[in-house]
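Please look through the sequence and the 3D structure below before reading the briefing. The notes are grouped by topic.

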Amino acid sequence: MTNKQLIRTLMIETPSIPGSLGKVATIIGLAGGDIGEIETIKVGPNYTIRNITVQVDHEGQIEELESSLFRLGGGIRLHAISDEVLHAHEGGKIQMKSKVALQSLADLRRVYTPGVANVCRIIEQEPDKAKIYTSIGNSVAIVTDGTAILGLGDIGPVAGMPVMEGKAVLFDQLAGINGIPILLDTKDPEEIIRTVKHISLGFSGILLEDIGSPHCFEIEERLKKELQIPVMHDDQHGTAVVTLAAAISACKSAGIDLKKAKVGQIGLGAAGLAISRMLMAYGVANVFGIDKCQDAKARLENYGGRSFDSIEALMGNCDIIIATTGVPELIKQQWVRPGQVILALSNPKPEIEPELALQAGAAYAADGRSVNNVLGFPGIFRGVLNAQARDITHSMLVAAAEAIAACTKPGDLVPHPLDLHVHKMVTEAVERVASLHEEIVVTK
Ligand SMILES: NC(=O)c1ccc[n+]([C@@H]2O[C@H](COP(=O)([O-])OP(=O)(O)OC[C@H]3O[C@@H](n4cnc5c(N)ncnc54)[C@H](O)[C@@H]3O)[C@@H](O)[C@H]2O)c1
Ligand SMILES: O=C(O)C[C@H](O)C(=O)O
Ligand SMILES: [Mg+2]
């Protein structure tokens, strides 16, 4: 079984004869498709029309389905095939909308000239009031240079916009934050830093997204130092938080002490290095890593990890394997050690399908769709915005990871990404640490 990425909706008519829908399901299964949602569109006198969502690996399977359904006959008819994913992206996924009514001249004068001038003066005299009288206090810039869009590589910021809009949707729906995509037409770290600093006035936080390594390290480090608002590179720390949570849960279920476990990290780029650093800072004594690039291995060694030269040897040595290379099917089934925990986190396709890892004897396995930074970044930013914190600290990230682990059902690695309770728990955990930190700063 592979990671089915193509999603199509088939509009199918079946006669009102028991077993008709079953025949359709069998045809879909024989073509290697997975059935998702089934929606009834119309119930006629002697027929039903349904939209059936099907996930497949490639277009050829859809063509096969089309001809098999045609051959089936007996009143079963395929009316249409649509690409719901593309459809959902038409016109973009986000929009800027006004919160106030604009129906009368009084409205116009209140929200715009001349009323607005007094608000400007207030903010001029007390800049902090911008948090009260503008949307700045609830807005986070989602900044990319397009150099590491998912595992698709350097496809440019415009091609990466659907991902940035996706992050904005998650910010909005999971944490009530305005996430504004900012696409940068430069890969030069100095220019990126300068540009982000110049646009930072309109935001209360900066989420760096899909900026490749190694330039992402300097960019984040410098922006954290030079800006007075929270900055976080999602692919580094959002991912590290959720991975730590998954590792905590896996060890709890398997009865292993995480701190004594041997962890093998495959791919030491933005995500991989941050995951390794997070685990070491959490107290995991044995973190090993591999990367095709020598500099990446040297960076791990600088932080106290040890590097390997072969993935097979690394996997033979470790209890927990985490992969963030962007390379699908990199991990062979025969390398999986019985009882191992395998987190193959690359998107859109993992290094090994969880089903294959489990078949090969892994005790727990997950991919980047479930162990995903969506569980971390919305609540982390909600927490720091609520606390008006100026920074996102390591203790806040650990608190976020522990909150995610605490919300995970026994036997699972992470909670459901759309469980709003989890995002609330992450928010509260981060806010708690942020206010503790504020108290320390005040009493110093
Ligand atoms: N699940 C999640 O939440 C999540 C979060 C962040 C990143 N990711 C995924 O992780 C992957 C990497 O993202 P990133 O931002 O770290 O990118 P990156 O480009 O910074 O890092 C990738 C690293 O993998 C190394 N690599 C590539 N091929 C390799 C191979 N065959 N053997 C060993 N090392 C190899 C590269 O040298 C590089 O250091 C992407 O697919 C991304 O989708 C997932
Ligand atoms: O975008 C995601 O789904 C997670 C992560 O940020 C990634 O780059 O893969
Ligand atoms: Mg990303």
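Which residue has a backbone N or O atom that lies 2.9 Å from an oxygen atom of ligand 1? That residue is alanine 270. This is a predicted model, in which local features need pLDDT of at least 70 and side-chain atom pairs count only at pLDDT 80 or more, while totals for chains, interfaces and linings use all residues; side-chain values use heavy atoms, with hydrogens and water left out. Residues are numbered from 1 along each chain as its sequence is written, and chains are lettered from A and ligands numbered from 1 in the order in which they are written.

**Ligand 1**

- There are 24 residues around ligand 1, and those that come nearest are Ser213, Thr239, Ala271, Asp291 and Asn373; a residue is near a molecule if one of its heavy atoms lies within 4 Å of it.
- A backbone N or O atom of lysine 292 lies 3.2 Å from a nitrogen atom of ligand 1. A polar contact is a pair of N or O atoms within 3.5 Å; within protein, one must be able to donate a hydrogen and the other to accept it, and residues adjacent in sequence count only if both atoms are side-chain atoms.
- The protein covers 87% of the 850 Å² of accessible area that ligand 1 has on its own. Accessible areas come from the Shrake-Rupley method with a 1.4 Å probe, and for residues only the protein chains shown count as cover.
- Helices (H or I, at least four residues) and strands (E, at least two) are DSSP runs, numbered from the N terminus.

- Glu209 (OE), Asp210 (OD) and Asp235 (OD) coordinate the magnesium ion (ligand 3) at 2.0 to 2.1 Å. Donors are N, O and S atoms within 2.8 Å of the metal (3.2 Å for Na, K and Ca); water is not among the atoms, so sites may look incomplete.
- The spacing of these donor residues in sequence is E-D-x24-D. Glutamate 209 lies in the loop between strand E7 (205-208) and helix H9 (215-226), and aspartate 235 lies in helix H10 (residues 234-254), so the pair ties together parts that are 26 residues apart in sequence.
- Are glutamate 209 and aspartate 235 buried or exposed? Both are buried, where buried means under 20% relative accessible area, exposed over 50%, and partly exposed in between (1.4 Å probe, protein chains only).
- Glu209, Asp210 and Asp235 are also among the residues around ligand 2, together with Leu150, Lys167, Asn347, Asn372 and Asn373.
- The side chain of aspartate 235 has an N or O atom 3.0 Å from an oxygen atom of ligand 2. For asparagine 347, a side-chain N or O atom is likewise 3.0 Å from an oxygen atom of ligand 2.
- Asparagine 372 has a polar side-chain atom 3.0 Å from an oxygen atom of ligand 2. On its own, ligand 2 has 260 Å² of accessible area, and the protein covers 81% of this.

**Salt bridges**

- The structure holds 19 salt bridges, each a side-chain nitrogen of Lys or Arg within 4 Å of a carboxyl oxygen of Asp or Glu.
- Arginine 77 and glutamate 13 meet through their side chains in a salt bridge (3.7 Å, N to O). This pair links distant parts of the chain, 64 residues apart, with arginine 77 in strand E4 (residues 77-82) and glutamate 13 in strand E1 (residues 6-15).
- Arginine 77 counts as partly exposed at 46% relative accessibility, whereas glutamate 13 counts as buried at 13%.
- Lysine 260 and aspartate 257 form a salt bridge whose closest N and O atoms are 3.9 Å apart. Lysine 260 is exposed, with a relative accessible area of 65%, and aspartate 257 is partly exposed at 37%.
- A network of salt bridges links Glu190, Lys197, Glu218, Arg222 and Glu226.

**Helix H15**

- Helix H15 (residues 377-387) is largely enclosed by the rest of the structure, because 10 of its 11 residues are buried.
- Phe377, Arg382 and Ala387 are among the buried residues of H15.
- Glutamine 388 follows H15 and has a positive phi, near 50°.
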